[in-house]
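This briefing is intended for a reader with the sequence and the coordinates at hand.

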Amino acid sequence: MINPSQEIIDSAYVKDYEKLYTEVKENPEAFWENIAKELSWFKPWNKVLDWNYPYARWFVGGQCNIVNNALDRWQKTDVAEKKAYIWVAQDGTERTFTYKQLNDAVSRFANGLKSLGLKKGDRVSIYLPRIPEQFIAMLACAKIGVIHSVVFSGFSVDALKNRIVDAEAKVVICADGYPYKDKVVECKKNVDEAIENIKMATGGTPGRDPGSAQVTSTDGKDKAGQNLSQIEHVIVIKRAGNNIQMQPGRDIWYHELVAKQDPICSTVIMEATDPLFILYTSGSTGKPKGVIHSHGGYMVGTYSTLRWIFNLQPDDIYFCTADSGWITGHSYIVYSPLMNGATTFVYEGTPDYPDPGIWWRLVEKYKITKFYTAPTAIRALMRLGDEIPNKYDLSSLKILGTVGEPINPEAWLWYHRVIGKEKCPVMDTWWQTETGMMMISPLPASPLKAGSASKPFFGIETEIVDEKGNPAPVDTQGYLIIKKPWPSMLMDVYNNPKRYLETYFQNEAITNTQIFENKQFFYFTGDSAKKDADGYYWIVGRNDDVIKVSGHRLGSAELESAFVAHPSVAEAAVIGKPDEVKGEKIKAFIILKKDVQPSDQLKEELKQQVRKMIGPIATPDEIEFVDKLPKTRSGKIMRRVLKAQELGQPLGDTSTLEN
Ligand code: WTA
């Protein structure tokens, strides 16, 4: 146990976690209501929580807009002149935005979007690298009630296409290209190709998408291509200045669009329960699902968690290394820091470019006080030794954080000792795209255990259970579940309520259907964990077919369908295997079509195929050609059995195994 210093305790918002946790447990709604009152609303709510199985709706009757809290409310205060973002490009070029400048840019772009006919409820896909326009685009959409769906720039054509189609987006916002280490990624080409593929698949009219043959959603219906509205416009931000094709009538330069616009735009009044964004995330089966978050509840949950867990103070310079293509960037680069009036630092490049000292050099130069990153990066930098970080003055740091995958004690201790100089508490925050906000985490004043995410945040009730839903004994691995609704909980899965119900509330891993029949709040996280005798949580990892590669969330089914799209492949099964740096790596078992000969060249071709379709982050590490795959009698591949076999572990229950 590592105890906090007196200095940390003195500066912390919350000094006694246990006391407040117990108090809040009595009446969590009152707790969340009090936090909501710290924010601005156009109209107060009539009901804090409306629980109607399996949906929780927060601040019902309330009217707000998250952008009103992120930007508008600062404009007549001193915060208007404070820096909202300090952005540094790969080549060191700096761009900063005060809250006023950011508000102007967002308003201009919001007016631009309106001029294209976009209105409340429409969907826009944002496919941008880590540049300020990524945040500006998200905020501009939210300001006018347009639902944004950000697609991580590291995804490529097929992944992008699926997300555009499922969200039924009318407009795509992208860049011409962007620098990535020594290369330029030509991302506009991916957009052109994705739109072309959509057209080809649908003949320009709504219909079924043949490219998705192997993937079916849990309800057996494949929505791809249905209700498809044509992409009306592509808005292109000039970043790399590379040569691109602009399609007349469809493609518009961002700088030309905003140049004509007024920097004043009124923020649209939204119901607290109106959708703010859709973010696609991988699950156990089928294509990624569109997780929907609200304006009101999401606002309250994200605002309070960063504030308390990172002990945000007015003079902080907060550096989050995530990308807004993922939930961490949505909640903790864009919305929460702005609602807190914080200064956020963003670096465009990777942790090893131009060299692996870059982050620490930036910490020194910009006097970063709060630093939030992923275990993968810590492990990768740790391997290179202490000399690199030791060259820099890291004394400005006060609090460190991690997210995205379990952090092993060795990496935790290195982070604490070499980066935090044993004076910065490490906040290991456990949460998910679906939870919207940090759920299990220490607070700065908490006693810490290296490798444990500690305890649930106020108002959050978690438990470890067995397959019957009964609490597991101390130190015993089980399913991590959540027993009470929380404000920034996902509202639904876009266009797929059945999948929402079956993934989170009636998961087949739980065999006690009484829980479902009683319509209990029993949210299934998909993670396995243990709780120790002190009530500290130790996250083990996913218990479904989600793979976390360097903290990036990928689904076995998506990867398999990319393999099967290759003409030589008959069947594919993909599992995650432990990896010392990346957490997990991808291993694929492939059955080739009759008459196709296995070869190393074919393996390489398959790797390239997956990179091209899903993205470089999904590059398989190992490919093995096999004759057979373990299946159930109904023909479902048992990845669990493959994985156990691969890792030399007991196979578990194989009663449903056919061969
Ligand atoms: C994993 C990321 C251990 C977990 C915010 C979860 C973690 C999944 C931690 C969600 C942590 C996230 N310790 N595991 N501190 N944080 N995870 O949706 O398996 O990309 O279910 O959200 O990441 O990934 P997602």
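In which loop is Lys-421 found? Lys-421 is found in the loop between α15 and β20. The model is a predicted one, in which local features need pLDDT of at least 70 and side-chain atom pairs count only at pLDDT 80 or more, while totals for chains, interfaces and linings use all residues. Residues are numbered from 1 along each chain as its sequence is written, and side-chain values use heavy atoms, with hydrogens and water left out.

**Terms for secondary structure**

- Helices (H or I, at least four residues) and strands (E, at least two) are DSSP runs, numbered from the N terminus.
- Two strands pair if DSSP finds at least two bridges between them.

**Sheet and strand pairing**

- An open sheet is formed by 4 strands in the order β21-β22-β24-β25, with antiparallel pairing.
- Its edge strands, each pairing on one side only, are β21 (462-465) and β25 (537-542).
- On average, neighbouring strands of this sheet are turned by 45° against each other, direction ignored; axes are lines fitted to C-alpha atoms, for helices over the stretch in contact, and angles run from 0 to 180 degrees between N-to-C directions.
- Strand β24 (residues 523-531) is joined to β25 by 5 bridges and runs antiparallel to it; Lys-531 stands opposite Tyr-537 in β25.
- Strand β18 (residues 370-373) pairs in the parallel sense with strand β16 (residues 317-320) over 3 bridges, and Tyr-318 stands opposite Lys-370.

**The β26-β27 hairpin**

- Strands β26 and β27 form a hairpin with 2 residues between them, and Ser-550 in the turn has a positive phi of about 50°.
- Strand β26 (residues 546-549) is antiparallel to β27, to which 4 bridges join it; Val-546 stands opposite Gly-555.
- From β27 (residues 552-555), His-552 and Leu-554 point one way and Arg-553 and Gly-555 the other way, and all are buried.

**Helix packing and burial**

- Helix α13 (residues 375-383) packs with helix α15 (residues 409-419) at an angle of about 75°, their axes lying 10 Å apart. That makes α13 roughly perpendicular to α15, as angles under 35 degrees count as roughly parallel, over 145 as roughly antiparallel, 65 to 115 as roughly perpendicular and the rest as oblique.
- In this contact (heavy atoms within 4.5 Å), Ile-378, Arg-379, Leu-381 and Met-382 of α13 meet Glu-410, Ala-411, Trp-414 and Tyr-415 of α15.
- The buried residues of helix α3 (residues 28-36) are Pro-28, Phe-31, Trp-32, Ile-35 and Ala-36. Seen down the axis of α3, they fall within an arc of 140°, so they line one face of the helix; the arc is that of the directions from the helix axis to the C-beta atoms.
- These buried residues pack against α2 (17-26), β2 (55-60) and α10 (296-309).
- Helix α7 (residues 157-167) is mostly covered, 11 of its 11 residues being buried; just after α7, Glu-168 takes a positive phi of about 55°.

**Buried single residues**

- Ala-110, in helix α5 (residues 99-115), is buried with a relative accessible area of 0%.
- Leaving aside neighbours within four places in sequence, Ala-110 is in contact with Ala-140, Lys-143, Ile-144 and Cys-265.
- Ser-446 lies in the loop between β20 (426-428) and β21 and counts as buried at 10% relative accessibility.

**Backbone geometry in loops**

- Most residues other than glycine have a negative phi, and most peptide bonds are trans.
- Lys-421 has a positive phi of about 50° although it is not a glycine, and at 36% relative accessibility Lys-421 counts as partly exposed.
- Lys-367, in the loop between α12 and β18, has a positive phi near 50° and counts as exposed at 55% relative accessibility.
- A cis peptide bond joins Tyr-53 and Pro-54, with omega about -5°; Pro-54 lies in the loop between β1 (47-52) and β2.
- Tyr-353 and Pro-354 are likewise joined by a cis peptide bond, with omega about 0°; Pro-354 is in the loop between β17 (343-347) and α12 (358-366).

Key. Buried means under 20% relative accessible area, exposed over 50%, partly exposed in between (1.4 Å probe, protein chains only).
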